[in-house]
Amino acid sequence: MLPMLATVLFAYLGTVFWSVRVSVSSSRTLPSSDFVGLAQYTRLFASERWLLSLENVVVFGVIFIAACLVLGFLLAVFIDQKVAGEGVLRTVFLYPYAMSFVATGLIWQWVLNPELGIQSTVRALGFETFTFDWIATQDKVMYAIALAAVWQAAGLVMALMLAGLRGIDDSLWKAARIDGIPTWRVYMSIVLPMLGPSIGTAVVLLSVSVVKVYDVVVAMTQGGPGLASEVPGKFIMDNLFGRANIGLASAASTVLLLTVLALLAPWMYARARAARNGGHR
Amino acid sequence: MIRKHSLAIGVSLAVLAVGAAHAQANRAEVIHWWTSGGESAAIQEIANGYKAAGGTWVDSAIAGGEAARSAAINRIVGGNPSTAAQFNTSQQFLDIVKGGMLNNVDEVAKKNDWDKILPAPILKSIKIDGHFYAVPVNIHMPAWFWYSKAAFAKAGIAAEPKTPEEFFAALDKLKAAGITPVAFGGQPWQEKIVFDALLAHIGGADLYLKVYKGDQKAIASPEFKNVLASFRKLKGYTDAGSPNRNWNDATSMVISGKAGVQIMGDWAKGEFQAAKQTAGKEFGCFPGFGPKAPYIIAGDVFVFPKTSDAAAIKSQQLLATVMTSPATQVAFNNKKGSIPIRTDVDAKAMDICAQQGIAAMKDVSRQLPNSEMLVAPDITGALQDVVTKFWNTNQSVDDAVKAVGAAVKG
């Protein structure tokens, strides 16, 4: 227990406190120990790029989590129909998750490039006005990034949901069949609520990747076109390394941490309440 | 018990000391970010020079400039610095100089008369409070124009454009011939390079310096607005695939003749060479418009983290001497695509682009520092944000002027 405790204290809490401390100093290339109050935070929230990155991560998060859940659930239901070659399909669907985001991003960068990928292929087939240039368009680029990220993570959700589906007793299906309930209705009203824990796990895992989304953006767009696909993770990394501005970067990471805590607190509270009331979730 | 311990400690200290003394005879551990084919061949030339001078070279290559610089800084702060570390010729290392974390190389500089042989913008970057804190190894000019001779011939362009007007006329001809006029890589750093190129070549050296010194009057002037408008105009000559494109993919458009011109640093030459093309034959190069075009100076330096160990200091000074020696300079820069930091070298072994560069460097009035030498990294970053926003949105020129004015204030 003691080494574990020491790791938590120094490696996690220690670095968190250190970041918070740096965020109230005027540090640039090197950490300095002066105190400038909330100056870095003022500067942070005056930065157009930071505000845009927050907006982007929300858009990305909503699309990404919703699409992954829906797609993952549908894939799991599809595979659960005892289709032929289930093993192969499962591997195919889960395969993208085994690839790094950097490789995913690079592939999608080519696929979505209007001069190389889908758009030019369809145009070459004779549909001259076909347009699919999300990745090169300011107001659609976040969708392009979400598309690649969903492609990568939907398989994981599928695996989680499939495990849940397999855990459902066959007798339930038999009973439903005897009662003459349509299959879709069984899925919607009985199976889905029973998958609660799987869905919860999937949402937590997906939310974590939303908060730390970085590499897929760097690989696909480097934050472009312009600043259109900027995300908080990239803002922090850029200021930490490229712009010799660790004070500002620490302020940004502190804000990110506080946001996560603010989102997590009600959830933890609900769980604690449920546990007290004897519920198992 | 205690005795045994102290004996053990004594023995291990002795072993350490012997090991250290043995290992540190001119041993130099060098952190750098030159990991691509041409780059590592280039640093190998420096390593060879160092070995020939009797040293032991310990290579510490870290991919990516930002990663390499932060690794170097972390090791300095952590008390286990390398012998030398790479930075760009800029203000990147100003903070660690001010923090008293570097050794100077004044002795080597004095012996080799750096004050005389080095170009003023480089001296300004490496000589801080009268001491030399870095060794420059090359001059990269980030604003070259590279063009496909085949594309120019097809479009009927007879000569290299000598003025901005001729340049845009040439682009029109390329467009009419069905060729993408400008091979453009739509990433913020590339957009900034092209913007700086237009600022220097269309706005002129004076305006360039005034803007980077934060002269608000210059930023609001019609000349600067004209630069912004020209930058916007250039976008009309790029293709739909340009956003997010890598610089080398843009270069290969020029190599294959699909595009006419690329504005990019002289590292692009490596791509042409890798495609077995020769400067002056398949592709051409000009460092700006006309014989008096400003020559923007950028490049790489090595700094020497502070140590009081006499052997390590000796290694640092030997390294500084080797890096700046004429023979190493020519061998290294030939492979790197850049030009030597001194103009007293034999240029015959270099290609016509490098020779144009060396000729330009001899004319002091053409030398222009790159933006990173003039402002701190976070201001460069803020300006890059402004430039990329202007390029990628319909922001008006007047709004962009305001944004530039705010960004240079920091």
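Across the interface of chain B and chain A, the rule finds ten residue pairs in polar contact, both partners at pLDDT 80 or more (a pair of N or O atoms within 3.5 Å, one able to donate a hydrogen and the other to accept it, with sequence neighbours counting only if both atoms are side-chain atoms). On chain B's side, two or more residues each come from helix 3 (65-77), helix 4 (94-98), helix 10 (188-203) and helix 20 (377-392); helices here are DSSP runs of H or I, at least four residues long, numbered from the N terminus. Helix 20 of chain B gives the most, with nine residues.

This is a predicted model: local features need pLDDT of at least 70, side-chain atom pairs count only at pLDDT 80 or more, and totals for chains, interfaces and linings use all residues. Residues are numbered from 1 along each chain as written, chains are lettered from A and ligands numbered from 1 in written order, and side-chain values use heavy atoms, leaving out hydrogens and water.

The same interface has five salt bridges by the rule (a side-chain nitrogen of Lys or Arg within 4 Å of a carboxyl oxygen of Asp or Glu). One of them joins A:Arg43 to B:Asp378, with the closest N and O atoms 3.3 Å apart. In all, 27 residues of chain B are in contact with 25 of chain A, contact being heavy atoms within 4.5 Å.
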